[in-house]
Amino acid sequence: MELQTVDADSECPECFESVRLEAVMQHEIVQCAGCGVDLEVIELDPVTLELAPEEEEDWGE
């Protein structure tokens, strides 16, 4: 099964800057060039971006 990718323009949910996406997959993390936040590609049709979840510290537990 081939992974689906899309090229699209979307909007940053943080600063509302236009974000150009090229060959992105669902759940991929991209960065907004306007404000620098990490964004997760939630859906591909239509392309939906949300703020990426913060990574938790791994203390070796």
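Me: How many helices and strands does the protein have?
Reply: The model is predicted. Read along the sequence, the pattern is β-β-β-β-β. The count is 0 helices and 5 strands.

Me: In which order do the 3 strands of the open sheet lie?
Reply: β3 and β4 pair in the antiparallel sense, over 3 bridges. β4 is also joined to β5, again antiparallel, by 5 bridges. The edge strands are β3 and β5, each pairing on one side only. The order is β3-β4-β5.

Me: How many degrees does the twist average from one strand to the next?
Reply: The sheet in question is the open one, with antiparallel pairing. From one strand to the next, the twist averages 45 degrees.

Me: How many residues lie between β4 and β5 in their hairpin?
Reply: β4 covers residues 38-44 and β5 covers residues 47-51. L44 has V47 in β5 as its bridge partner. The two strands form a hairpin, and the number of residues between them is 2.

Me: How many disulfides does a search of the whole structure find?
Reply: A disulfide needs two cysteine sulfur atoms within 2.5 Å. For C32 the closest cysteine sulfur is in C15, at 3.7 Å, so that pair is too far apart for a bond. C35 is in no disulfide either; its nearest cysteine sulfur, that of C15, is 3.7 Å away. The search finds 0.

Me: Is C32 buried or exposed?
Reply: The cut-off for buried is under 20% relative accessible area. C32 has 2% relative accessibility, so C32 counts as buried.

Me: Where is F16, and is F16 buried or exposed?
Reply: F16 sits in the loop between β1 (6-11) and β2 (18-24). Exposed means over 50% relative accessible area. F16 has 55% relative accessibility, so F16 counts as exposed.

Me: How far apart in space are F16 and C32, C-alpha to C-alpha?
Reply: F16 is exposed, whereas C32 is buried. In sequence, F16 and C32 are 16 residues apart. In space, C-alpha to C-alpha, the distance is 9.6 Å.

Me: Which residues does S10 touch, beyond those up to four places away in sequence?
Reply: S10 lies in strand β1. S10 is buried, because its relative accessible area is 15% and the cut-off is 20%. Its contacts are E17, S18, V19, L21, V47 and L49.

Me: What share of the residues of the protein counts as buried?
Reply: C32 and S10 have already come up as buried residues. The protein has 61 residues, and the buried share is 26%.

Me: What part of the accessible surface belongs to carbon and sulfur atoms?
Reply: The accessible surface of the protein comes to about 4900 Å². The part belonging to carbon and sulfur atoms is 44%.

Me: Among contacts between residues at least 6 apart in sequence, what share joins residues at least 24 apart?
Reply: A contact here means heavy atoms within 4.5 Å. The share joining residues at least 24 apart is 17%.

Terms used
Residues are numbered from 1 along each chain as its sequence is written. This is a predicted model: local features need pLDDT of at least 70, side-chain atom pairs count only at pLDDT 80 or more; totals for chains, interfaces and linings use all residues. Side-chain values use heavy atoms; hydrogens and water are left out. Two strands pair if DSSP finds at least two bridges between them. Helices (H or I, at least four residues) and strands (E, at least two) are DSSP runs, numbered from the N terminus. Buried means under 20% relative accessible area, exposed over 50%, partly exposed in between (1.4 Å probe, protein chains only). Accessible areas come from the Shrake-Rupley method with a 1.4 Å probe; for residues, only the protein chains shown count as cover. Axes are lines fitted to C-alpha atoms, for helices over the stretch in contact, and angles run from 0 to 180 degrees between N-to-C directions.
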